[in-house]
Amino acid sequence: MYRVEVMESAHPMDDIISRANLEPTIMEHLTRASIVFVPSICDGNILAFPSGTNEFFQYCRTHSDCDVEICCNDADYCEMELCSFQIRLGKLYVKDIAVGVISGLISSYIFALLTSHEAPSTLVEQEYLTKPTVSFSIVVSDTTNSLHKEFKYEGPAEDVKEVTDNIISMWNEGKVQK
């Protein structure tokens with residue numbers, strides 16, 4: 001069984017943009033984007049993107065009609081590589097109208113990644129194989145930019161479709177209760 005953590009977002013998108021020291025043209029693109037990839041933040045310092053972010057970013061741009069951007073100057077882009085079989089998608093800021101789009105993109109991207117790998121070698125004993133996991137955070141803002149909810153997931157990759165479907169439902173329920 002999976003668990004999705006839901007909380008009020010501590011960092012609205014405007015705050016992230018102002019702390020990122022971005023070029024004016026990039027800032028302008030970010031304010032119009034429906035989906036924005038943001039780097040990891042630790043103790044108020046902007047760090048790096050999870051490894052594989054560029055591939056997922058390109059996947060989203062190719063497979064979506066939404067305006068997808070990355071919160072970083074081209075020259076400052078760097079990824080942080082961690083050694084594990086966890087697919088880290090990082091943190092995404094999403095406008096209300098794109099919640100369904102990003103949910104579908106995450107599900108299809110994970111499915112494509114998992115089905116593109118060859119079967120494990122027969123030389124490796126099955127007991128040492130672990131199932132891949134996924135982690136991501138989606139911060140959704142309503143159309144008035146007054147409600148910001150963050151949905152965090154870390155768990156089995158096989159549950160991602162169900163998780164993203166439930167995030168859509170939880171967001172829609174939260175808007176009604178506002």
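A residue counts as buried when its relative accessible area is under 20%, as exposed when that area is over 50%, and as partly exposed in between. With that meaning in hand, this report describes a predicted model, beginning with the chain as a whole and moving on to its sheet, its cores and a few single residues.

**The chain as a whole**

The chain has 178 residues, and 40% of them are buried. Its secondary structure comes to five helices and ten strands. The accessible surface amounts to about 10,300 Å², and carbon and sulfur atoms account for 52% of that surface. When contacts between residues at least 6 apart in sequence are considered, 74% of them join residues that are at least 24 apart.

**The sheet**

Six of the strands form an open sheet, in the order β1-β10-β9-β8-β2-β6, with mixed pairing. Its edge strands are β1, residues 4-8, and β6, each of which pairs on one side only. From one strand to the next, the twist averages 20°. Two helices can be described by how they pack on this sheet. Helix α3 touches β2, β6 and β8, and its direction makes about 160° with that of β6. Helix α4 also packs on the sheet, where it touches β2, β8 and β9, and the direction of α4 makes about 165° with that of β8.

Strands of a sheet pair through backbone hydrogen bonds, and the pairing may be parallel or antiparallel. Both kinds are found around β9: nine bridges join β8 to β9, and these two strands run parallel, while nine bridges also join β9 to β10, which run antiparallel. On the β10 side, T133 stands opposite P156, and V139 stands opposite E150. The hairpin made by β9 and β10 has six residues between its strands, and there N145 takes a positive phi near 60°.

How many of the nine residues of β9 are buried? Eight of them are, so β9 is largely enclosed by the rest of the structure.

**The nonpolar cores**

The largest nonpolar core holds 34 residues, and those with the most contacts inside it are F37, F56, I102 and I106. At least two residues of this core come from each of β2 (35-38), α3 (53-62), β6 (68-70), β8 (86-95), α4 (99-116), β9 (133-141), β10 (148-156) and α5 (160-177). The largest share, six residues, is supplied by α4. Apart from this core lies another one, of 13 residues, which includes A33, V36, V38 and C71.

The surroundings of F37 can be followed in the model: leaving aside residues up to four places away in sequence, F37 touches F49, T53, F56, F57, C60, V68, E69, I70, C71, K91 and L92.

**Single residues and their accessibility**

| Residue | Relative accessible area | Class |
|---|---|---|
| C72 | 10% | buried |
| V101 | 30% | partly exposed |
| C78 | 37% | partly exposed |
| D74 | 69% | exposed |

V101 is found in helix α4. Not counting residues up to four places away in sequence, V101 touches I35, S64 and C66. V101 and I35 are 66 residues apart in sequence, and their C-alpha atoms are 9.2 Å apart in space.

D74 has its place in the loop between β6 and β7, the latter being residues 79-80. In sequence D74 and I26 are 48 residues apart, and from C-alpha to C-alpha the distance between them is 9.4 Å.

**The cysteines**

A disulfide is taken here as a pair of cysteine sulfur atoms within 2.5 Å, and by this rule the count comes to zero.

How values were computed:
Residues are numbered from 1 along each chain as its sequence is written. This is a predicted model: local features need pLDDT of at least 70, side-chain atom pairs count only at pLDDT 80 or more; totals for chains, interfaces and linings use all residues. Side-chain values use heavy atoms; hydrogens and water are left out. Buried means under 20% relative accessible area, exposed over 50%, partly exposed in between (1.4 Å probe, protein chains only). Helices (H or I, at least four residues) and strands (E, at least two) are DSSP runs, numbered from the N terminus. Contact means heavy atoms within 4.5 Å. Accessible areas come from the Shrake-Rupley method with a 1.4 Å probe; for residues, only the protein chains shown count as cover. A nonpolar core is a set of buried Ala, Val, Leu, Ile, Met, Phe, Trp, Tyr and Cys residues joined through side-chain atoms within 4.5 Å. Two strands pair if DSSP finds at least two bridges between them. Axes are lines fitted to C-alpha atoms, for helices over the stretch in contact, and angles run from 0 to 180 degrees between N-to-C directions.
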